[in-house]
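Please look over the sequence and the model below before reading on. The paragraphs that follow go from the DNA contacts to a strand in the protein, and then to the relation between the chains.

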Number of protein chains: 2
Amino acid sequence: MTALLHHFSQYITLSDDLSSEISNRVKHQTFKKGHLLHDANKICTHSYFIQQGLLRLYFLKDGKEVSEYFCCEKEWVNSPRSFMQQKTDIYYIDAIEDTTVFSLHVQDLVFLFNHFPEMERYARLSMGSMVGHFLERITSMRFTTAREKYTHFCETYHDIYHRIPLGMIASYLGITQETLSRIRADK
Amino acid sequence: MTALLHHFSQYITLSDDLSSEISNRVKHQTFKKGHLLHDANKICTHSYFIQQGLLRLYFLKDGKEVSEYFCCEKEWVNSPRSFMQQKTDIYYIDAIEDTTVFSLHVQDLVFLFNHFPEMERYARLSMGSMVGHFLERITSMRFTTAREKYTHFCETYHDIYHRIPLGMIASYLGITQETLSRIRADK
DNA sequence: ATGATTTTTTGATACAGATCAAAAATTATT
DNA sequence: AATAATTTTTGATCTGTATCAAAAAATCAT
């Protein structure tokens, strides 16, 4: 719980009232490696704050899994458009490792937004950094070789890239497993 | 002005007070085609809401311009990370057409955030749709041919793609001008 | 532990799109 | 309107990465 409240406090000052409302609404859960936390055919009703572990957002293209991104400790995960707009979307979420999370139901989040304006600010600020990450990613995807993409990936995900299977990284980068394997091989 | 207030009202209910505070703080400006609205060497202090025209966010890679995205009527433009975090970033903003905007200074926006919680909500919601767009773009950039990228671009930017020079579209898509020219040529 | 899956590596070949070069067309400037 | 500058098109060639195939290695399940 400490980790979660500390996360909020990096963006806003947490009143005791808000702290306890968050604590009371959040649920501690553990998922085993390989577990499907969210299915593309459903509407995403929960957001997960990772305490320990590694989760993945992915979708299917031509029957094959394409990893959209990876989330580790101290980050929120959900199916963004599905969670925000309460409609279905293409993304699945699964666990790359055994993972423990604090999960928050969308209705509880709506309650927090409606009663604590600072939560709106928190969401604005944290979404801002999300936008920043996406921008950097889009930039690094164009006019770069497969090797440059991989190098950039390892820099950006320095502390987790070795925890993710090669095939998942390849699809994240938009290259084939074979190519990534060859890149890793030489030098 | 109507267009701007109407834009806000799609996300939040505008009180008369907030409406007039926005109106008083916004400045109407016109820029000629080719004008540089923001320079990468400076900190972005203004956000521009386009009334009429077309603006572009771009950066330089190996001395060549790479278009990051295009913004047209009823959209806000700024250098995202520079504006949000008040630091320098790689992006320039210029005008593809003669363009009229309502410009808002970052300090005025901060004022609005501090005095009107609903503005925080507006920002959260509009950033949410931004995230959605970026996600779709990242998805459509991987494992797609140059032709598929262009087709997707024309669908997404249906009403403006014919107003943007070929070379700018090519760099936006991460393909060369020559390739895009050939794609347009056949069929 | 042992066999079965799954993942990663290695090899051979093919092709989409890059690069280099230059002509044609369009747009801007005097 | 004429000239200059820029943008787009066309052509020829080259290359990085995909694809197809199969072996090797790692991981999982009984």
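Which atom of DNA strand D is 2.9 Å from an N or O atom in the side chain of Ser181(B)? It is a phosphate oxygen of DNA strand D, and the pair falls under the definition of a polar contact, that is, a pair of N or O atoms within 3.5 Å (within protein, one must be able to donate a hydrogen and the other to accept it, and residues adjacent in sequence count only if both atoms are side-chain atoms). This is a predicted model, in which local features need pLDDT of at least 70 and side-chain atom pairs count only at pLDDT 80 or more, while totals for chains, interfaces and linings use all residues. Residues are numbered from 1 along each chain as its sequence is written, chains are lettered from A and ligands numbered from 1 in the order in which they are written, and side-chain values use heavy atoms, with hydrogens and water left out.

Two or more residues of the surface near DNA strand D (with a heavy atom within 4 Å of it) are given by each of α8 (177–185) of chain A, α7 (166–173) of chain B and α8 (177–185) of chain B, and the largest share, five residues, comes from α8(B). Helices here are DSSP runs of H or I of at least four residues, and strands are runs of E of at least two, numbered from the N terminus.

Within chain B, strand β7 (residues 92–95) has Tyr92(B) and Asp94(B) pointing one way and Ile93(B) and Ala95(B) the other way, and all are buried, meaning under 20% relative accessible area with a 1.4 Å probe and protein chains only. In a regular strand the side chains alternate between the two faces of the sheet. Strands pair if DSSP finds at least two bridges between them, and β7(B) pairs in the antiparallel sense with β2 (residues 36–38) of chain B over two bridges, where Leu36(B) stands opposite Asp94(B). Strand β4 (residues 55–61) of chain B also runs antiparallel to β7(B), joined by four bridges, and there Leu55(B) has Ala95(B) as its bridge partner.

Finally, chain A is superposed on chain B by a rotation of 180 degrees with 0.0 Å of shift along its axis (RMSD 0.0 Å), using least squares on the C-alpha atoms of residues with pLDDT of at least 70 in both. That is the relation of a two-fold axis.

Note on methods
Buried means under 20% relative accessible area, exposed over 50%, partly exposed in between (1.4 Å probe, protein chains only).
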